[in-house]
Amino acid sequence: MKFQNVVYNLHDYLKMKNKIRIGCGAGFSGDRIEPAIVLAEKGELDYLVLECLAERTIALANKRKMADSTKGYDPLLERRIETLLPHLLKNNIRLITNMGAANPIEGAKKIIEIAKKQGVNIKVAAVSGDDVIGDLQITNDDFRVFNNENFAYDLIQNRKSQIVNSANAYLGIEGILEALQADAQIIITGRVADPSLFLAPMIHEFGWQTDDFDLLGKGTVIGHLMECAGHITGGYFADPIKKPVENMENLGHPFADIFSDGSAIISKVEGTGGIINLQTAKEQLLYEVINPNEYFTPDVIADFTSVKLEEIGKNQIKVSGGGGKTKPETYKVSVGYKAFWQGEGEISYAGYSALERAKLAGETLEKRLKPQFDDIQVDYIGQNSVFPNSKFQYQNSEVRLRIAAKAQTQAEAALIGEEVEALYTNGPAGGGGVRKYVNEVIGIVSVLVDRNKIKPVMTLFSE
Amino acid sequence: MKLYDIAHSRAGDKGNISTLSLIPYNENDYEMLCQKVTADTVKKHMEGIISGEIIRYEMPNISSLLFVCQDALAGGVTTSLRMDTHGKALSYALLTMEI
């Protein structure tokens, strides 16, 4: 059997399994650590996946790498690995994670360092090659603007050198497969499409062909259901009136028993809080899907419209069906750029005429700031800050004014909060609780790049 | 009747696109939702929030609808000045719709 450049011999073939169990212990960079420990300790897992990269996470990580070339991996990497490693080794679990962020090589070295401190030898693989910022600066024709984002064109054609700070391709299974074949116990990647973190071990263990797009589509569905961890176990789902969830404080993260035919049963560790049912599974299946007929990953264009979900027991969902056709000829590349400095300030009004006083404050600030700022947002928190639509207004006994604006420099952005603070002596009566913020905003645009321009790289570390 | 009484929803984001699922608690309500909650009625309900085109996907396999809304996030997750830059709370804006 042959896939990519990995050749399996007869011995490997005989080792292939009919069922594997993969747990997902993190759904974003800042996720809780406890559920991952519970999974590693009691989940009887074959693999643990920690998914830790949102759209902008790498751009921020790249800023840390620029400041210190040994950084740029996930800020929680040390804490996560220190606590998880003993359980992973004791229970013979392989870890696959994108905690490498902007610097998977240094992330891998850090993991080796932690293992040494704990007196154990492990084999760690870094998967890189996703960082294409160098190519972005020399080639223009290879990059195609995605989703009609006109700005991307201008960005790449004219302004790239000053403001681009990251460009990372969403890689697929290739580098991870190579690392699994090389017996790495921990695989740490940079930008990889989330479902690929789950699909790679399925391909490795079941011997699926990498052009069997039906199976790859099925595996991608399972990966998509798992990738947000707590999303399928009742996290970000609970509504005490309509969708009660028990023991939220002890929310368990999911594991999937995946079968070689591409079906799976998703469940969680006995005794943990949360819930897995048809409702949690449906919400997650549709989460962030922009076309259920064609869900693009670097590995396959998957079909979600034929997925079948069944509740087969308490906290047990069977997933079957789904499929796929071919794989895209391009990789999606997220380009991070310095967009602007954001200045913000907030102040509260309560009691009689709270809304009227807040509105007077908002209008006063707008008049004071208008000459200097083009793009100003005024919100009345408690009235219209989340639903910016008059239909959603309710009467409250208190209201918080928020004002935000875009600025070219940090000092200019600071003026927003300063003006809010100055309402203490230059604004309406009874405002309190001023907070002010200044943040540099990294914008993200997406471009498509030909597959053959980008090569995943797998590097092994041990001792 | 409000959508909230018979269905649930989760919002997702990609760039300047918001995705809103609509999932009836009782699968028998799916056909009725297909009739009453169209791309047009949602567009009207979300006026002032979503400025672009809305495409509705029917998913009979899970008795659910998916609304993919263009120009919904004031320029996009990463550069919007809104409080809720991801439009995470827009699921509950959809559920306030009267049918």
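**Entry 1: α4 and α5 of chain A**

I began with helix α4 (residues 77-90) of chain A and helix α5 (residues 104-117) of chain A, which pack at an angle of about 40° with their axes 10 Å apart. That angle makes α4(A) oblique to α5(A). I noted the handedness too: α4(A) and α5(A) cross in a right-handed sense. This is a predicted model, so I read every value here as computed from a prediction.

Next I listed the residues that meet. From α4(A) I have L77(A), E78(A), I81(A), E82(A) and L85(A). From α5(A) I have G107(A), K110(A), I111(A), I114(A) and A115(A). Sorted by class, this contact has six nonpolar, one polar and three charged residues.

**Entry 2: α9 and α10 of chain A**

I turned to helix α9 (residues 194-206) of chain A and helix α10 (residues 213-226) of chain A. Their axes come within 8 Å and cross at roughly 125°. I therefore logged α9(A) and α10(A) as oblique to each other. The crossing of α9(A) past α10(A) is right-handed.

On the α9(A) side I found D194(A), P195(A), L197(A), F198(A), L199(A) and M202(A). They meet L216(A), G219(A), T220(A), I222(A), G223(A), H224(A) and M226(A) of α10(A). The class count for this contact is eight nonpolar, four polar and one charged.

**Entry 3: domains of chain A**

I looked up the division of chain A. Domain 1 takes 2-130 + 170-328, and domain 2 takes 339-445. I have their C-alpha centres at 40 Å apart.

**Entry 4: chain B on its own**

I counted four helices and five strands in chain B. Read from the N terminus, the order is α-β-β-β-α-α-β-β-α.

I then checked the overall dimensions. The C-alpha atoms of chain B fill a box of roughly 40 × 25 × 20 Å along the principal axes. Chain B has 99 residues, and a compact globule with that number would have a radius of gyration near 13 Å. Chain B has 13 Å, so the value agrees with the globule.

**Entry 5: where chain A touches chain B**

Last, I looked at the contact between the chains. How many residues of chain A are in contact with chain B? I found 38 residues of chain A in contact with 30 residues of chain B.

I also asked which elements of chain A give two or more residues to that side. They are α11 (278-285), β13 (301-313), β16 (376-381), β17 (398-407) and β18 (432-450) of chain A. By class, the side of chain A that touches chain B has 17 nonpolar, nine polar and 12 charged residues.

Methods: Residues are numbered from 1 along each chain as its sequence is written. Chains are lettered from A and ligands numbered from 1 in the order in which they are written. This is a predicted model: local features need pLDDT of at least 70, side-chain atom pairs count only at pLDDT 80 or more; totals for chains, interfaces and linings use all residues. Two residues are in contact if their C-beta atoms, placed from the backbone, lie within 7 Å. Ala, Val, Leu, Ile, Met, Phe, Trp, Tyr, Cys and Pro count as nonpolar, Asp, Glu, Lys and Arg as charged, and the others, Gly among them, as polar. Axes are lines fitted to C-alpha atoms, for helices over the stretch in contact, and angles run from 0 to 180 degrees between N-to-C directions. Angles under 35 degrees count as roughly parallel, over 145 as roughly antiparallel, 65 to 115 as roughly perpendicular and the rest as oblique. A crossing is left-handed if the near helix is turned anticlockwise from the far one by less than a right angle, and right-handed if clockwise. Domain bounds come from an automatic or database domain assignment. The radius of gyration is taken over C-alpha atoms; the globule rule is 2.2 Å times the number of residues to the power 0.38.
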